[in-house]
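Hi,

Here is the structure I promised to pass on. Have a look first, and my notes follow below.

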Amino acid sequence: MPDHPATSAFRPCFVIPVFNHGDAITGVVDRLRRHGLVCWLVDDGSDRRCADVLDALHHTDPESIRLQRLQRNSGKGAAFRQGLLCAEQAGFTHVIQIDADGQHDPEDVPRLLDEARAHPDAVITGVPIYDESVPRVRLYGRYLTHVWVWINTMSMQIRDSMCGFRIYPVASTSRLMREARIGNRMEFDTDILVHAYWDGVRVINVPTRVRYPDDGVSHFRMLRDNARISLMHARLFLVMLWRRCGFGPPIRPWSSNRKN
């Protein structure tokens with residue numbers, strides 16, 4: 001699928017970080033192709049088996065299914081950063097982030113796109129509606145992050161900061177990732193959303209169905225990643241205090257009283 005002219009007002013594409021999701025990614029891409037958008041697969045240092053699957057997908061339609069590679073596993077945030085750069089260089093205005101493991105429902109893409117068209121400067125983020133497949137320990141553990149996010153933003157505007165199904169405006173997100181310290185691994189989704197909120201980006205929540213496939217691949221490591229997330233919350237808290245005390249850029253959350 002050829003790129004549209006750079007003057008197009010709304011040009012979304014998909015960006016999917018992939019790390020050893022060889023069994024799931026073909027089904028995810030097949031379900032996304034019906035939306036007629038360019039899809040960037042960013043291989044985050046996957047093993048040979050998954051890399052071969054990504055090569056095969058790319059070769060079926062290299063214009064629509066584009067492939068970028070990181071030579072070593074660097075984390076979801078690093079892979080997303082690479083995909084965002086590709087989208088920016090190609091003139092896309094918005095990127096749709098969706099996980100490679102099949103958790104998210106591609107049928108909800110039009111609902112998120114409708115919100116992005118109506119509010120092009122906002123981040124449109126999914127709020128999970130879980131079925132019975134969700135591991136209870138993961139479900140309850142999310143609430144600790146919810147509370148910390150509400151503390152660090154002094155707001156409940158962000159209903160769920162961990163869902164990896166979102167639409168980002170390319171220009172402001174690219175600038176944010178250049179200027180702010182954003183984590184590259186499991187903390188990425190929460191980290192970038194809090195920073196965007198601090199910088200005045202409107203966050204719009206859209207309920208979306210989420211399931212945990214029986215054969216799904218999870219790279220979450222309980223001790224290591226919980227420690228990483230805890231350190232992120234502590235860092236965000238200190239940065240929030242620093243900025244609110246006037247020692248850094250002011251925190252200026254979006255308000256309905258000003259233009260989106």
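Thr 125 has Arg 166 in β6 as its bridge partner. The strands involved, β5 and β6, run antiparallel and are joined by two bridges; two strands pair if DSSP finds at least two bridges between them.

Before I go on, the provenance. This is a predicted model, with residues numbered from 1 along each chain as its sequence is written. Local features need pLDDT of at least 70, side-chain atom pairs count only at pLDDT 80 or more, totals for chains, interfaces and linings use all residues, and side-chain values use heavy atoms, with hydrogens and water left out.

On β6 from its other side: Arg 166 is also the bridge partner of Gln 97, and His 94 stands opposite Pro 169. Those belong to the β4 and β6 pairing, which is antiparallel with four bridges. Side chains in a regular strand alternate between the two faces of the sheet. In β6, Arg 166 and Tyr 168 point one way while Ile 167 and Pro 169 point the other, and all are buried (buried means under 20% relative accessible area, exposed over 50%, partly exposed in between, with a 1.4 Å probe and protein chains only). In β4, His 94 and Ile 96 go one way, Val 95 and Gln 97 go the other, and again all are buried.

Then β1: this strand pairs with β4 in the parallel sense over four bridges, and Pro 12 has His 94 in β4 as its bridge partner. Further along, β2 (residues 39-44) and β3 are parallel too, over six bridges, with Leu 41 opposite Leu 67 in β3.

Put together, seven strands make an open sheet with mixed pairing, in the order β3-β2-β1-β4-β6-β5-β7. The edges are β3 (65-70) and β7 (203-210), each with a single partner strand, so one side of each has no neighbour in the sheet. Neighbouring strands are turned by 25 degrees against each other on average, direction ignored.

What lies across this sheet? Helix α4 (residues 109-118) lies across β1 (12-18), β4 (94-97), β5 (123-130), β6 (166-169) and β7, and runs at about 175 degrees to β7. For the angles, axes are lines fitted to C-alpha atoms (for helices over the stretch in contact), and values run from 0 to 180 degrees between N-to-C directions.

There is also a helix pair to look at. Two packed helices are described by the angle between their axes and the distance between the axes. For α6 (residues 170-179) and α7 (residues 188-198), the angle is about 105 degrees and the axes are 11 Å apart. That makes α6 roughly perpendicular to α7 (the class covers 65 to 115 degrees, with under 35 roughly parallel, over 145 roughly antiparallel and the rest oblique). From α6, Thr 173, Leu 176 and Met 177 meet Phe 188, Ile 192, His 195 and Ala 196 of α7, where contact means heavy atoms within 4.5 Å. The residues of this contact split into five nonpolar, two polar and no charged; Ala, Val, Leu, Ile, Met, Phe, Trp, Tyr, Cys and Pro count as nonpolar, Asp, Glu, Lys and Arg as charged, and the others, Gly among them, as polar.

How many disulfides are there? A search of the whole structure finds zero, a disulfide being a pair of cysteine sulfur atoms within 2.5 Å. For Cys 39, the nearest cysteine sulfur is that of Cys 13, 8.4 Å away. Cys 86 has its closest cysteine sulfur in Cys 13 as well, at 9.1 Å, too far for a bond. Cys 39 is buried at 5% relative accessible area, and Cys 86 is buried at 8%.

Two backbone spots for your list:

- Asn 20, in the loop between β1 and α1 (25-33), has a positive phi near 60 degrees without being glycine. Asn 20 is partly exposed at 22% relative accessibility.
- Met 154, in the loop between α5 (136-153) and β6, has a positive phi near 50 degrees, also in a residue other than glycine. Met 154 is exposed at 56%.

Finally, the overall tallies. The chain holds eight helices and seven strands, and 51% of its 260 residues count as buried. Of the contacts with a separation of 6 or more, 81% come from residues 24 or more positions apart.

Cheers
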